[in-house]
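Work through the exercises below with the sequence and the model open. Each task is followed by a solution in steps.

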Amino acid sequence: PLGIERGGVAEEGFRLLLGVLEKDKRIRPVERTYVLFKHRIDLGSDRRRQSTFVETYLTQRGMTTPILAELKEAAAREKISAQEVDQALRYLVEQKRAHHIDGEYLGASVVDACRTALLKAPAASGAGMTVAAFRDLVNGNRKICLLLLAIFDREGLTRRNGDLRVLTDKGRAEATALAGRKSAT
């Protein structure tokens with residue numbers, strides 16, 4: 001959008017400028033862009049109530065895949081519109097308090113607990129783990145387990161190898177770090 005030629009002197013100068021502004025704590029990176037260093041999203045009380053409702057709903061579903069239509073019905077009873085639910089979901093994903101995969105939403109606390117269980121599982125570190133073994137490990141159904149494994153694949157922790165999910169180098173490093181933090185406490 002700035003009309004700067006890729007790989008040119010102007011792009012290099014612009015990147016240097018961004019580096020200086022970041023070092024001086026005037027801007028900070030967020031996703032694939034920058035914001036003012038002190039910029040924070042401040043939700044009004046109504047938006048905070050809506051987001052809290054949606055996050056609580058996702059968390060309370062536990063190892064059952066939340067159905068968006070049911071979430072919107074429950075929200076409507078709390079005077080939260082379908083559009084406000086969609087906005088809350090986008091906000092929660094941006095804040096990493098929810099995950100969106102294949103049109104489904106899962107609460108971050110559910111995903112985090114399952115990630116920890118996977119990283120601690122001896123089978124994941126060795127030959128790999130089937131979806132059925134992962135399902136037994138986290139006490140979930142096949143649908144949610146496939147969503148969770150897709151999230152872990154996207155994060156680069158696991159990769160699919162035939163019928164197995166195996167930890168990547170990144171996954172093994174995180175498993176080792178998790179074991180180190182556990183033994184330090």
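A residue counts as exposed when its relative accessible area is over 50%, and as buried when that area is under 20%. The structure is a predicted model.

**Exercise 1.** Decide whether Asn 139 is buried or exposed, and describe its backbone and its place in the chain.

Step 1. The relative accessible area of Asn 139 is 65%. The cut-off for exposed is over 50%, so Asn 139 is exposed.
Step 2. Most residues other than glycine have a negative phi. Asn 139 is not a glycine, yet its phi is positive, about 60°.
Step 3. Asn 139 sits in the loop between α7 (131-138) and α8 (142-155).

**Exercise 2.** Describe how strands β3 and β4 are joined and what lies between them.

Step 1. β3 covers residues 98-101 and β4 covers residues 104-107; the two run antiparallel and are joined by four bridges.
Step 2. Within this pairing, His 100 has Tyr 105 of β4 as its bridge partner.
Step 3. Two residues separate the strands, which form a hairpin. In the turn, Asp 102 has a positive phi of about 50°.

**Exercise 3.** Find which residues of helix α3 are buried, and work out how they are arranged around its axis.

Step 1. α3 spans residues 68-77, and Leu 71, Ala 74 and Ala 75 are buried in it.
Step 2. In a view down the axis of α3, these buried residues fall within an arc of 100°, so they line one face of the helix. An α-helix has 3.6 residues a turn, so residues three or four places apart point the same way.
Step 3. The buried residues of α3 pack against α2 (45-60) and α4 (82-94).
Step 4. Just after α3, Lys 79 has a positive phi of about 65°.

**Exercise 4.** Classify the crossing of α2 and α4, and sort the residues of their contact.

Step 1. The two axes, those of α2 and α4, come within 9 Å and cross at roughly 75°.
Step 2. Angles of 65 to 115 degrees count as roughly perpendicular, and α2 and α4 are therefore roughly perpendicular to each other.
Step 3. Residues making the contact include Val 54 and Leu 58 of α2, and Val 85 and Leu 89 of α4.
Step 4. The residues of this contact divide into seven nonpolar, three polar and three charged.

How values were computed: Residues are numbered from 1 along each chain as its sequence is written. This is a predicted model: local features need pLDDT of at least 70, side-chain atom pairs count only at pLDDT 80 or more; totals for chains, interfaces and linings use all residues. Side-chain values use heavy atoms; hydrogens and water are left out. Buried means under 20% relative accessible area, exposed over 50%, partly exposed in between (1.4 Å probe, protein chains only). Two strands pair if DSSP finds at least two bridges between them. The arc is that of the directions from the helix axis to the C-beta atoms. Contact means heavy atoms within 4.5 Å. Axes are lines fitted to C-alpha atoms, for helices over the stretch in contact, and angles run from 0 to 180 degrees between N-to-C directions. Angles under 35 degrees count as roughly parallel, over 145 as roughly antiparallel, 65 to 115 as roughly perpendicular and the rest as oblique. Ala, Val, Leu, Ile, Met, Phe, Trp, Tyr, Cys and Pro count as nonpolar, Asp, Glu, Lys and Arg as charged, and the others, Gly among them, as polar.
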